[in-house]
Amino acid sequence: MLKIHHLGHSQSERIVWLCEELDIPYELQHHTRDAVTVLSPPELKALHPLGAAPVIEDGDLLMAESAAIVEYIIVKHGGGRLKPGPEHADYAAFLYWFHFANGNLQPSMGRMMMMSRAKLAADHPMIKAVQGRLDLVLTLLEKRLGEATYLAGDEFTAADIMSVFSLTTMRLFQPLDLAPWPNIRAYLQRIGERPAYRRAMAKGDPDLTPMLD
């Protein structure tokens with residue numbers, strides 16, 4: 001059985017959600033952030049040199065990096081579900097949005113968080129540059145979600161699982177007003193209606209009300 005090492009309020013929610021969507025049995029090991037630093041506890045750092053979540057155990061395999069884990073589980077345990085194949089009309093769109101999550105969306109949120117913690121003036125050139133990039137990323141998402149029900153197309157896929165964390169839980173660390181983005185907000189409401197998402201969040205982060213608006 002898969003064992004998921006889940007750090008509260010982290011990207012590891014993706015893996016819990018994926019297993020719920022695919023109805024794959026798993027054991028959930030909770031880890032709590034340090035009360036002062038808000039970073040990983042020693043127990044998680046002992047598993048992997050980067051001390052980051054998610055980490056999974058599958059037999060003798062120990063694996064980190066959420067995107068790699070998602071692909072591994074889909075292929076190894078999920079029968080290829082939630083990942084359209086090369087013959088599917090949405091294949092290229094799936095690949096783009098699956099990698100967009102950690103290639104553009106999450107880094108843009110992370111850079112904004114770092115700039116905020118640096119307490120630079122709102123008119124500082126770096127703040128403007130980082131905010132401008134984030135706005136471009138959100139504009140692209142907004143346009144896509146005005147064209148399609150889900151990121152890859154009409155079907156829910158792992159591209160959505162990869163992307164939702166940045167638009168929801170990440171906002172605990174970097175506030176983001178989604179009022180200017182009605183398509184993104186409507187998309188998050190659709191996500192929030194999925195039973196697997198609700199189960200995953202209740203199991204992984206029972207103290208957290210998902211930030212779906």
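A salt bridge is counted here where a side-chain nitrogen of Lys or Arg lies within 4 Å of a carboxyl oxygen of Asp or Glu. The structure under discussion is a predicted model, and a search of the whole of it finds 6 salt bridges. Three of these pairs are set out below.

| Pair | N to O distance |
|---|---|
| Glu-20 and Lys-203 | 2.6 Å |
| Arg-194 and Glu-21 | 2.8 Å |
| Arg-144 and Glu-147 | 3.8 Å |

The side chains of Arg-144 and Glu-147 meet at 3.8 Å, N to O. Both residues belong to helix 5, which spans residues 125–147, and their separation of 3 residues amounts to about one turn of the helix. Arg-144 has a relative accessible area of 16% and is buried, because buried means under 20% relative accessible area.

The salt bridge of Glu-20 with Lys-203 has an N to O distance of 2.6 Å. This pair links distant parts of the chain, with Glu-20 in helix 1 (residues 13–22) and Lys-203 in helix 8 (residues 195–204), 183 residues apart. Glu-20 is buried at a relative accessible area of 8%, whereas Lys-203 is partly exposed at 42%.

Helix 1 also contains Glu-21, whose partner Arg-194 is in the loop between helix 7 (182–192) and helix 8; these two residues are 173 residues apart and likewise link distant parts of the chain. With a relative accessibility of 18%, Glu-21 counts as buried.

The description of Arg-144 and Glu-147 as a salt bridge rests on a distance of 3.8 Å. Elsewhere, salt bridges with shared partners join Glu-20, Arg-199 and Lys-203 into one network.

**The largest pocket**

Rolling a probe the size of a water molecule over the atoms shows where empty space is left. In this model, the largest pocket holds about 570 Å³ of space. It is lined by 27 residues, of which Ser-10, Gln-11, Arg-33, Ala-52 and Ala-53 are the closest to its centre.

Helix 4, covering residues 91–117, supplies the largest share of the lining, namely 6 residues. By residue class, the lining of the largest pocket comprises 13 nonpolar, 11 polar and 3 charged residues. Among the residues closest to the centre of the pocket, Arg-33 counts as charged because Arg belongs to that class, together with Asp, Glu and Lys.

Notes: Residues are numbered from 1 along each chain as its sequence is written. This is a predicted model: local features need pLDDT of at least 70, side-chain atom pairs count only at pLDDT 80 or more; totals for chains, interfaces and linings use all residues. Side-chain values use heavy atoms; hydrogens and water are left out. On a 1 Å grid over the protein atoms alone, a cavity is a set of points where a 1.4 Å probe fits but cannot get out, and a pocket is an open set with protein on both sides within 12 Å along at least five of seven lines; lining residues have an atom within 4 Å of a point. Grid points are joined across faces, edges and corners, and a volume is the space filled by probe spheres set on the points. Helices (H or I, at least four residues) and strands (E, at least two) are DSSP runs, numbered from the N terminus. Buried means under 20% relative accessible area, exposed over 50%, partly exposed in between (1.4 Å probe, protein chains only).
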